[in-house]
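Dear colleague,

Please find below the structure that I am handing over to you.

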Amino acid sequence: MAPHYQSKLPLEELRPALNEQLTQISTKCIQCQICVSECRFLASHGTPKKIADSYLVGEKQVYGMAYNCSLCGLCDAVCAEDISPSSMFLEMRREAVVNNETDLSEFNGLRNYEKKGTSTRFSWYALPKECDTIFFPGCGLSGTRSELTLKVFEQLQETIPHIGIVLDCCTKPSHDLGDEEYFNAMFGELKRYLLIRGVKTVLLACPNCLKVFSDYAEEFQVRTIYEDLSRVDFCANKKINGPVTVHDPCTARFDLSAQNAVRNLLQKQGVVFEEQPHCRNKTLCCGEGGAVGFLTPELASSWGEKRAEEANGRPIVSYCTGCTQTLGGVADTSHIVDLLFSDDAKVAKPPLTYFKRLKLKKYLQNNFQTAVTRE
């Protein structure tokens, strides 16, 4: 049966990418309700098919609805028909931006944070001679844990002598907000520069950055630093007594290598971990995803509360600084590098994170010998 749409514009006037997503969801979704039972957003708005079929071009409330989806991909993971509703909601956001039907000024706090990351003041590229591999820590780790970022880099240098380091922002916030033009321009320029300089491998601390590089920079070999660190012998952490539980970031829900590496690191630390009902490919959003909290904070916080319920009093260990910070408001939460490199990790919070990033950059400028530098 052909999909049914209620559109103010002819279907052919929709952006092709959105048209494709709407058609696929409408024709393939069998409305089995599995994703609806798992997702608080879909529980309020209905099945992906219902949303696709009733999509009204130009209706601001429809565009606003798409910004209540965390884009976490849980619906993709549980779908029996192998479709991706989260991709449809991202295309709806992009359609809203292209048609000037959304006010991105509501996300100015997030976008200003992103712009600082790409600015001359905060960015720093340091590539030594014969460098074909870089460490890309991302904005979060370098700000909240600048000292530990440096320790990670020093550890990576022991096995990759010519590794470089790049302090920059992957601009995933703009990507997720639907500002495709800005994202393509900014990340595209970053990618071209690295390719011209002969970089072939990118090691990432942030699962969000990894997702961006994996999806939009196939020219590089990419992996998380946790896979490299899992081959290192660290001293056992004596401060953790009793079991912990692991929170997999939603952007790493299909990254089995990163998931296994983090669990291997915990085992090597002598830390007992227990899985939650929602883990690995069925992990929950921490509440930060999709910038939902800027518009519907109660919906965003409900994800964190559900994660805290599943943790059931056990400390949470994650490998995303955003998840760690967000879940830290509802449960005892640590980043995996806290356990590996520090017995008493001092985590910076805004606005101190900006100072920490500048301090890390200054240290690298004064102490790391390079052949190529760039701001």
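A residue is called buried under 20% relative accessible area, exposed over 50%, and partly exposed in between, with a 1.4 Å probe and protein chains only. By this rule Q33, with a relative accessible area of 40%, is partly exposed. Please note that this is a predicted model, in which local features need pLDDT of at least 70 and side-chain atom pairs count only at pLDDT 80 or more, while totals for chains, interfaces and linings use all residues. Residues are numbered from 1 along each chain as its sequence is written, and side-chain values use heavy atoms, with hydrogens and water left out.

Backbone features

Q33 is not a glycine, yet has a positive phi of about 75 degrees. Its place is the loop between α1 (16-28) and α2 (34-38); helices (H or I, at least four residues) and strands (E, at least two) are DSSP runs, numbered from the N terminus. L71, also not a glycine, has a positive phi of about 55 degrees and lies in the loop between α5 (60-66) and α6 (74-78). L71 counts as buried because its relative accessibility is 18%. The peptide bond from P350 to P351 is cis, with omega near 0 degrees, and P351 is found in the loop between α18 and α19.

The sheets

Strands of a sheet pair through backbone hydrogen bonds, either parallel or antiparallel. Here two strands are taken to pair if DSSP finds at least two bridges between them. Six strands form an open sheet with mixed pairing, in the order β5-β4-β2-β3-β1-β10. Its edge strands, each pairing on one side only, are β5 (221-224) and β10 (372-374). On average, neighbouring strands of this sheet are turned by 20 degrees against each other, direction ignored; axes are lines fitted to C-alpha atoms, for helices over the stretch in contact, and angles run from 0 to 180 degrees between N-to-C directions.

Strand β1 (residues 124-127) runs antiparallel to β3 (residues 164-167), and three bridges join them. Within this pairing, A126 stands opposite I165 in β3. Helix α19 (residues 352-367) packs on the sheet and touches β1 and β3, its direction making about 150 degrees with that of β3; contact means heavy atoms within 4.5 Å. β1 also pairs with β10, in the antiparallel sense and over three bridges, and Y125 has R374 in β10 as its bridge partner. Both faces of β1 are covered: W124 and A126 on one side, and Y125 and L127 on the other, are all buried.

A further open sheet has four strands in the order β7-β6-β8-β9, with parallel pairing. The edge strands there are β7 (273-274) and β9 (333-335). Three bridges connect β8 (residues 316-318) with β9 in the parallel sense, and S318 has H335 in β9 as its bridge partner.

The nonpolar cores

A nonpolar core is a set of buried Ala, Val, Leu, Ile, Met, Phe, Trp, Tyr and Cys residues joined through side-chain atoms within 4.5 Å. The largest has 39 residues, and F135, I225, Y226, I336 and L364 have the most contacts inside it. Among the elements that each supply at least two residues of this core are β1, β3, α18 (336-341) and α19. I336 touches Y226, V262, L265, L266, V317, S318 and Y319, not counting residues up to four places away in sequence. A second, separate core of 30 residues includes I51, M65, C69 and L284.

Aromatic rings and charges

The structure holds 15 aromatic pairs. Rings of Phe, Tyr and Trp (its six-membered ring) pair if their centres lie within 6.5 Å; planes under 30 degrees apart count as stacked, over 60 as edge-to-face and the rest as tilted. F122 and Y354 form an edge-to-face pair because their planes stand at 70 degrees, with the ring centres 5.9 Å apart. F122 is in the loop between α8 (108-118) and β1, and Y354 in helix α19, 232 residues apart. F187 and F213 are also edge-to-face, at 5.0 Å centre to centre and 85 degrees between the planes. Both F187 and F213 are buried. Ring pairs link F136, F183, F187, F213, Y216 and F220 into a cluster.

Two charged side chains complete the account. The charged end of K116 sits over the ring of Y354, 5.5 Å from its centre, and that of R374 sits over the ring of Y125, 4.9 Å from its centre. A charge sits over a ring if NZ of Lys or CZ of Arg is within 6 Å of the ring centre and within 35 degrees of the ring normal.

Yours sincerely
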